[in-house]
Amino acid sequence: MNIMSAIVGISIMGASAPLMMKMSIAPFEAQARAGNLGQAESAAVTYAAVNEGSSSFTDIPDNCDLDSPSDGAFTITCTVGEDTRFAQTVSRSFRSEVDTASLGFTGADNARVYTNAVPGKISYVHQCPPGDEWGLNWFNKTYPSLGACTPQVGWTKAKYLASNPDDWLYDINNFQGWGSHPNY
């Protein structure tokens with residue numbers, strides 16, 4: 001090896017050292033971001049799940065802000081790693097307790113009377129399971145913190161329109177804003 005090759009070799013190695021250093025810490029940066037994202041996601045999802053359908057909320061976690069963009073709807077935004085280049089922010093939305101009479105499925109302006117009242121806090125996230133299609137047998141009593149499950153006939157607009165209001169166990173007319181049922 002001559003002296004010129006040695007100088008070129010050292011020069012190339014010296015020029016690539018910063019690039020190699022950057023490549024070697026990239027996994028650690030990704031791990032820091034992922035850890036912060038996991039913490040922010042956990043805080044936001046947990047808060048939204050615990051407070052869904054409630055009239056009063058639990059304490060807002062550290063590094064989180066609660067916003068009410070519209071009546072009865074809330075957004076929790078959590079940031080972990082703030083003031084660092086690894087900061088991660090997550091937002092989750094949820095509804096507070098809603099007066100079901102204001103949603104239009106009370107049976108007003110009709111002669112229909114149902115033997116069961118509309119559950120106070122219907123969760124549009126949980127479908128009632130087979131065997132308890134309306135949640136009145138065991139589901140709503142077993143899992144009260146989840147809110148009442150969505151009846152199977154109200155899970156989709158197609159199921160809602162295909163259902164027979166004479167078979168409903170409580171009034172779901174105009175359920176989820178799908179309009180008055182044609183056979184109501």
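1. Basis. The model is predicted: local features need pLDDT of at least 70, side-chain atom pairs count only at pLDDT 80 or more, and totals for chains, interfaces and linings use all residues. Residues are numbered from 1 along each chain as its sequence is written, and side-chain values use heavy atoms, without hydrogens and water.

2. Disulfide count. The structure holds two disulfides (pairs of cysteine sulfur atoms within 2.5 Å). With the bonded cysteines numbered in sequence order, the pairing is 1-2, 3-4.

3. Cys64 and Cys78. These two are joined, S to S 2.1 Å. The S-S torsion is about 110°, so this disulfide is right-handed. Cys64 sits in strand β1 (residues 64-70) and Cys78 in strand β2, so the bond ties together parts 14 residues apart in sequence. Strands are DSSP runs of E, at least two residues, and helices are runs of H or I, at least four, numbered from the N terminus. Both Cys64 and Cys78 are buried (under 20% relative accessible area; exposed is over 50%, partly exposed in between; 1.4 Å probe, protein chains only).

4. Cys128 and Cys149. Here S to S is 2.0 Å. The torsion is about 95°, so this disulfide is right-handed. Cys128 lies in the loop between β4 (122-127) and α2 (139-142), Cys149 in strand β5 (residues 148-150); these distant parts of the chain are 21 residues apart. Cys128 and Cys149 are buried.

5. Asp83. This residue is in the loop between β2 (73-80) and β3 (88-95). Asp83 counts as exposed because its relative accessibility is 79%.
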